[in-house]
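Dear colleague,

I am passing this structure on to you. Please look through it first; my notes follow below.

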Amino acid sequence: MEYRSDQVPMTPRSVQTVSVAMPVRDHLPWSIFNLFYMNICCLGLTAMVFSVKSRDRKVAGDVEGALHYGSTARSLNIAATVLSILIFIIFIALAATGTIQAIKAT
């Protein structure tokens, strides 16, 4: 059967929809690192709690809750990392200027 250029064959077509699931990040490794090495003002512990809550929500299928907890964990991890590095730099600067004497000579 031939078709003219303005005609379209009427064959059934199937349309497949693919839902793109946005990956939910829980920042658990970063929270574990902050818990053990940079736990200033218990921010690392709090970030760890929110990371675990985010992972639990992700497993339960609650994407919106997982995104909320993951975002909070990310913010707490950023705060813990920045404050810990800032305190470390201040300590090094004070030790270098002689304000703090790490080793006292007797």
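Aromatic pairs

Two aromatic pairs turn up in a search of the whole structure (rings of Phe, Tyr and Trp, the last by its six-membered ring, pair if their centres lie within 6.5 Å; planes under 30 degrees apart count as stacked, over 60 as edge-to-face and the rest as tilted). Phe 33 and Tyr 37 form a tilted pair, 5.1 Å centre to centre with 40 degrees between the planes. Both lie in helix H1, four residues apart, about one turn of the helix (helices are DSSP runs of H or I, at least four residues, and strands runs of E, at least two, numbered from the N terminus). Phe 33 is partly exposed at 39% relative accessibility, while Tyr 37 is exposed at 64% (buried means under 20% relative accessible area, exposed over 50%, partly exposed in between, with a 1.4 Å probe and protein chains only).

The rings of Phe 50 and Tyr 69 have their centres 5.8 Å apart and their planes at 45 degrees, so this pair is tilted. Phe 50 lies in helix H2 (residues 43-60) and Tyr 69 in helix H3 (residues 63-97), so the pair ties together parts 19 residues apart in sequence. Tyr 69 is partly exposed, at 24%.

The chain as a whole

The protein chain has three helices and zero strands.

How to read the values

This is a predicted model: local features need pLDDT of at least 70, side-chain atom pairs count only at pLDDT 80 or more, and totals for chains, interfaces and linings use all residues. Residues are numbered from 1 along each chain as its sequence is written, and side-chain values use heavy atoms, leaving out hydrogens and water.

Regards
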